[in-house]
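Me: I would like to go through this structure with you and ask, for each description, what it rests on. Please set the values against the criteria as you answer.

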2 protein chains.
Amino acid sequence: MSDEFSRIERYFAPLAGAEGLGLKDDAALFRPPVGRELILTVDQMNEGVHFLPNDAPDLVARKLLRRNLSDLAAMGAEPLGYLLTTALPKSVSEDWLRLFAEGLRADQEEFGIKLFGGDSSSSLTQISLTATLIGHVAPAAALRRDGASPGDEIWVTGTIGDAALGLRARRGELQNVPAFLIERSLLPTPRLNLELANVASATIDISDGLVQDLGHICKASGVDAVLYSHLVPASPEAASFGDTMLEARLTDGDDYELLVTVPPEKTGALIAACGTLQITKIGKLERGTGKVEVWDRAGKTLQFSRPGWSHF
Amino acid sequence: MSDEFSRIERYFAPLAGAEGLGLKDDAALFRPPVGRELILTVDQMNEGVHFLPNDAPDLVARKLLRRNLSDLAAMGAEPLGYLLTTALPKSVSEDWLRLFAEGLRADQEEFGIKLFGGDSSSSLTQISLTATLIGHVAPAAALRRDGASPGDEIWVTGTIGDAALGLRARRGELQNVPAFLIERSLLPTPRLNLELANVASATIDISDGLVQDLGHICKASGVDAVLYSHLVPASPEAASFGDTMLEARLTDGDDYELLVTVPPEKTGALIAACGTLQITKIGKLERGTGKVEVWDRAGKTLQFSRPGWSHF
């Protein structure tokens, strides 16, 4: 593999915005948009944890950006740019790097963002990647986790559990999995630009699992939730696996759909804000202290072995 | 080790500023200082590459922050806060985490910065850490690498090569190394608050090695440099090793001193700006294309096996 500096010059400098100063300086220089608040978020992709060694490098790059873009979406922010760190073992090939940079470029164009800077380094064994995303939002318009109230409805965008089944296929744990589910697990779609600022009482993106991420809203807002498992939207491809995969679908992360709570009188505004994007009511909030109950169609409480993904 | 969420709550939430929203949200919410430009920088500390497995966790934390603070210093910026990512293998103990967090707290207090947010994850083998630092600077006052001109003088703060010798001691490659040198390698001092905005023509912090980092200024500015090896300031502790360690001192990084170029008429202003901090003239810039020559006392050109540290 090429050394750090030729790597930066060849693969990353062409991706840099003016803020990156050609990636020749120690840091990025950035004039924040006047009268806006900034949103800063950082997420990792570590080999063997967040991606598999044989995953296509361009998709690893795009998922790295999209996981962070999803965090911006959950705050109601517009993306501007990002910082990137790469820690690569010697075994990484030029081809891997070239494809990785192509993936970054593809999503920079898709989401209108630029590389502001970063740090390129080595690691002894696995690949470690981080992206720090910078976004902006109107003053006091940022969506939060702590604004939900008893009586609010729980809604979710898109379909839930596709990535969980796709991941199992990629790991060889599940057979006959449609390509759509594998693609959903490799390349999520951040739900940006939904304009939920005066609509949602709380939002979170589903990265750790529906039940657990709903729990984060409940704890932050001081409410309990009842989630109706039969209302949780499945894609036709995921539905074909039936209830055998229900726990996986509800407790595995990586769908990067938005979980939104709204007071009932704002249901219409929520549906309007989502336009052609599927949005489904899946439960309700009650007085409480952060507990999530999952009910099936018959009103029976379901018990899962864990609510979602947590790094030990 | 505790799981991700109790880890965040126990060790990291107490370090968070208001921008961190209690580390309960997807991202940090940050109101940029009015009329200032932002400086963003990110650096990594990977186990086995940037620190040794037995290094004290509090010093690892502090060096992680200080390497980034040094990048802010090289741009003339004031620090505000940081985002942190941790990727930890299962083998990491609660004690390691507690000490790591104590190190963060110590340097937050020392440098007046707060934790804005981050991401906590697992890794299969080594510890990987990143910090994204956010700083600010007056408009158009950021120091750059590309402003140096032929005729400028080359100056450096502090003493050079202490960390190189300290690292060799920590690796068991060099014997009878004074504790001062080991401390310099574990806990560098970022040279913040020097007010070089209308003084320096270019600046860089020495992280990859004096010769190589000078080369970065030369390439960015389109000049050549002559560096006088006998003028490069050594601490008494480093000087005791004599010329046998000269190449290591000049080509190893991690000192985090500032390399500053100034037009001769600004020499006085530079010395005044440095106050009680040692600052030493070590060379001059000439017309050229980015080349660095190192001369000894007799005017003989020294050849080194490499100009500095580069990740393969």
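Reply: Let us begin with a criterion that will be needed throughout: two residues are in contact if their C-beta atoms, placed from the backbone, lie within 7 Å. Please also keep in mind that this is a predicted model.

Me: Which residues does F116(B) touch by that criterion, leaving aside residues up to four places away in sequence?

Reply: F116(B) touches G17(B), E19(B), G20(B), A28(B), F30(B), G81(B), Y82(B), L83(B) and I134(B), and, from chain A, L40(A). F116(B) itself belongs to strand β4 of chain B.

Me: Why does F116(B) count as buried?

Reply: The term requires 20 or more other C-beta atoms within 10 Å of the residue's own. F116(B) has 28 C-beta neighbours inside 10 Å, and therefore counts as buried.

Me: What makes helix α4 of chain B largely enclosed by the rest of the structure?

Reply: The helix spans residues 162-170, and seven of its nine residues are buried, so it is largely enclosed. The buried residues are D162(B), A163(B), A164(B), L165(B), G166(B), L167(B) and R168(B). Their cover includes α5 (179-186), α7 (236-239) and α8 (246-251) of chain B. Just after α4(B), G172(B) adopts a positive phi of about 80°.

Me: What makes strand β6 of chain B mostly covered, and with which strands does β6(B) pair?

Reply: Four of the five residues of β6(B), residues 153-157, are buried, hence the description as mostly covered. For pairing, at least two bridges between the strands are required. β6(B) has four bridges to β9 (residues 258-262) of chain B, in the antiparallel sense, and W155(B) stands opposite V260(B) there. With β10 (residues 279-287) of chain B, β6(B) forms five bridges, again antiparallel, and V156(B) stands opposite T280(B).

Me: What is the strand order of the open sheet that has five strands, and why do two of its strands count as edges?

Reply: The order is β1(A)-β2(B)-β5(B)-β3(B)-β4(B), with mixed pairing. β1 of chain A and β4 (114-122) of chain B each have a single partner strand, so one side of each is left without a neighbour in the sheet. On average, neighbouring strands are turned by 20° against each other, direction ignored. Helix α2 (residues 57-74) of chain B packs on this sheet, touching β2, β3 (78-88) and β5 (128-137) of chain B, and its direction makes about 145° with that of β2(B).

Me: How do you know that β1(A) and β2(B) pair?

Reply: The criterion asks for at least two bridges, and β1(A) makes three antiparallel bridges with β2 (residues 37-46) of chain B. The bridge partner of A28(A) in β2(B) is L40(B). β2(A) likewise pairs with β1 (residues 28-30) of chain B in the antiparallel sense, over three bridges, and here the bridge partner of I39(A) is L29(B).

Me: How many residues form the contact between the chains, and what element of chain A gives the most to it?

Reply: 56 residues of chain A are in contact with 56 residues of chain B. On the side of chain A, β2(A) gives the most, with nine residues. The residues on that side divide into 23 nonpolar, 18 polar and 15 charged.

Me: Why is chain A called as compact as a globular protein of its length?

Reply: Chain A contains nine helices and 12 strands. Its radius of gyration is 20 Å, close to the 20 Å that the globule rule gives for 312 residues, so the chain is as compact as a globular protein of that length. Buried residues make up 55% of the 312 residues in chain A.

Note on methods: Residues numbered from 1 in each chain as written. Chains lettered and ligands numbered in written order. Predicted model: local features only at pLDDT ≥ 70, side-chain atom pairs only at ≥ 80, totals over all residues. Nonpolar A, V, L, I, M, F, W, Y, C, P; charged D, E, K, R; others polar. Buried ≥ 20, exposed ≤ 12 C-beta atoms within 10 Å, placed from the backbone. Rg over C-alpha atoms; globule rule 2.2 N^0.38 Å. Axes fitted to C-alpha atoms, helices over the stretch in contact; angles between N-to-C directions.
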